[in-house]
Amino acid sequence: MASGPNMMAPMCLVENNHEQLSVNQEALQILDKISQPVVVVAIVGLYRTGKSYLMNCLAGQKHGFPLGSTVQSKTKGIWMWCVPHPSKLNHTLVLLDTEGLGDVEKGDPKNDSWIFALAVLLCSSFVYNSMSTINHQALEQLHYVTELTELIRTKSSPTLVGIDDSTEFVSFFPDFIWAVRDFTLELKLNGLPITEDEYLDNALKLIPGRTLKVQMSNLPRECLRHFFPKRKCFVFDRPTEDKELLANIENVTETQLSPEFQKQTKNFCSYIFTQARTKTLREGIKVTGKRLGTLVVTYVDTINKGSVPCLESAVTTLAQLENSVAVQKAANHYSEQMVQRVRLPTDTLQELLDLHAACEKEAIAIFMENSFKDENQEFLKKLVEVLKDKKESFLLQNEETSAKYCQEKLDQLSMALMGSISAGTFSVSGGHKLYLETKERIEQDYWQVPRKGVKANEVFQRFLKSQASIEKSILQSDKALTDGEKAIAEERARRQAAEKEQEVLRQQVLEQEQQMEAQVRSLQESIVQLKEKLEREREDFIREQNMMLDHKLKVQKDLLIEGFRKEAEQMNAEINNLKSVIDTTQNDDKPWLAQTIVEIGKAFFGMPAHLLDAVISGTGFNTPLDLQLPKGAFSIPRSQTQEERIRGEQGQLRTCPLTAAPETSKFTPKLALPCTCSLNNSNNNTCPSAHPTLGAQALYWQERGSWQKASLMVFVPHDSWLQAAQHLGFDLKGLRSDSGTKCPRGAVLLLRHPSRSAQRFLLGRKRSASYIVCLKGLKSFL
């Protein structure tokens, strides 16, 4: 067994001491190590009927589960034996042998019922072992199956009126196999030979009549037909006629056993090995050894609390545990891969973002593979937040490493310059020219240094600023230059400093754009993976519902053939309900799928649904999120270049709408407007930049006692836009212009390239009474 121990002998899984159930922790530790899917076969029946012998045969051993030769039951509780599956690769065969039902030494018969129910809940193939023949008495002894409606629940919430909770048992109940031991009858019906399965089907036919006695006799038959998705029967001859051999059958050689019994046993084992299903929960969730252990604990704890085991609650508990582990596993993979792949400092921010995207994609794929039943994608959102924090940490490390490396290189390159300055080398005639040549060589050498990283410009700009006063002093003391030449040189230095500053700003804007684009791509990639997972889950759900429908239609057809029309008609409500669920799921899947994707978008950006449309459109997924603006709405495409935007924003961020904010100043609004704009369904098709009453100003808000400002924005007055603003979710307060007067009615705010703090503010993560406008959603923002 590749991912679990190969048990040499069985072990008690569920102990039954003094009619109190408990889970053996040692057995749980074994299951916890099995990461493979499991095929679980449980055998149940009256005590002393040879159950353990069949389970030993399935394990391929003569010894293992204890075989009793007295009237006392040998097996107590539920025993487990995990062995490699003989025919399914990478699967583990889990054999469960239960204590005999009807033991006269027991005081509480309800204890048997719980053992029976636990076996049904835990296995994928349920073997019922009985003696001699399937007759009225045998069916009466199987009364435990009629009690399952009181011992097992499918859902934690109430079901629809008229629909019994047990109608969904067939969606998760195991296959039912009836093993009839010491069978001596001929397999014939009305003089014609029949198969073992036909023998079982005939035995399960309903008895005509309406009396209470008939109804009680039919109840176990109805339960077996309705609850179990598949039924199979095996009959076994007596192993040997020698009573002494029977008493020690584990020591009997094959030659001492009846040839027919050997053949029947081999057929039984072959069927189990080839046909027994992998244990699954509802909607195709495969059960591993670890998951099986969680289910055992959940069910036993529920029974001990006096409650009824509920599949939905057990799956929820299992999902909470598994999904938490999946988040950690995915996050660990991301960290490990980033450490292996990233060499700090990266040459560019994009290099780091690309590595992050690749590792994030792998991490999310790992989460998708290991998670299930993630209601509202809560755990996926947790993973997204964890990965965002880890990415920010790598970004910070990258910046710090880059800044440290650049500073060290610059210190080395400028060492001679600093020495010359201290020595007064440049305090001579012509010293300014010599200083500039030396500084230029430093700059050339600095930019030749490879992989300086994202802080290269910023570090060098700090160096230039630190040299500005020194250069000015050297310039003023240089007697080789006239006053006019000094003025020109000083102006040139200022211009060059401004250009360097502009270059740093351009890089900052570019990096902000790269980060936003990387977030959009990450969201799109996550949506694609989520869409595929949700579609698979949806297909599994439809497949399960169709299986239930086919089963119920077959049961209904059999009832009609047997002449039980009333019973067949009573099934119409649950059949129609199933058809309705299938049709709704097939034809109307958008709302729940779209809402799920909206939640993931919020996890990535904290943005409202309106902003997700542009992102989702890149995934090829059609959702009802398409933004439909009302009549009179607007659209302003982002068409300026980075340089144009930076030039337009220089010196224009001091205007404010609040009297307590910094001093206001007037500027030309044209510089801040996009190059193009359009007014849809409007009588005024003039570009807003030409509007005589337009103003442009910055948004300020107060945070921790200081004023924070966003990037430039414009007010575009148009009465009909108020409806559009409300439709988009704007919260328009008392807008003020430079002069302190209110802006025209219906003014709409547009933010261009906000800072990080402004982004967080406008996406609803800040809450303060000091701000004026809260932008909750705008498609053109992206």
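The legends below describe close-up views of a predicted model.

Local features are reported where pLDDT is at least 70, side-chain atom pairs count only at pLDDT 80 or more, and totals for chains, interfaces and linings use all residues. Residues are numbered from 1 along each chain as its sequence is written, and side-chain values use heavy atoms, with hydrogens and water left out.

**View 1. Confidence along the chain.** The chain averages a pLDDT of 75, and 70% of the residues score at least 70; pLDDT is the predictor's confidence in each residue, from 0 to 100. Among the elements of the chain, the highest mean pLDDT, 95, belongs to strand β10 (residues 231-235), and the lowest, 26, to strand β12 (residues 678-679); helices (H or I, at least four residues) and strands (E, at least two) are DSSP runs, numbered from the N terminus. The pLDDT is below 50 over residues 618-782, a stretch with 322 contacts in the model beyond near neighbours in sequence, where contact means heavy atoms within 4.5 Å.

**View 2. Helix α14 beside helix α16.** The axes of α14 (residues 415-423) and α16 (residues 456-477) come within 13 Å and cross at roughly 15 degrees; axes are lines fitted to C-alpha atoms, for helices over the stretch in contact, and angles run from 0 to 180 degrees between N-to-C directions. That crossing makes α14 roughly parallel to α16, since angles under 35 degrees count as roughly parallel, over 145 as roughly antiparallel, 65 to 115 as roughly perpendicular and the rest as oblique. L417, M418 and I421 of α14 make the contact with F463, Q467 and I470 of α16. By class, this contact of α14 with α16 has five nonpolar residues, one polar and no charged (Ala, Val, Leu, Ile, Met, Phe, Trp, Tyr, Cys and Pro count as nonpolar, Asp, Glu, Lys and Arg as charged, and the others, Gly among them, as polar).

**View 3. Helix α13 against helix α16.** Helix α13 (residues 378-413) packs with α16 at an angle of about 45 degrees, their axes being 9 Å apart, and the two are therefore oblique to each other. On α13 the contact is made by S402, A403, C406, Q407 and L410, and on α16 by A456, V459, F460, R462 and F463. These residues of the contact of α13 with α16 divide into seven nonpolar, two polar and one charged.

**View 4. The salt bridge of E544 with R282.** The closest N and O atoms of E544 and R282 are 3.0 Å apart; a salt bridge is a side-chain nitrogen of Lys or Arg within 4 Å of a carboxyl oxygen of Asp or Glu. The pair links distant parts of the chain, 262 residues apart, with E544 in helix α17 (residues 483-561) and R282 in the loop between α9 (259-275) and α10 (289-304).
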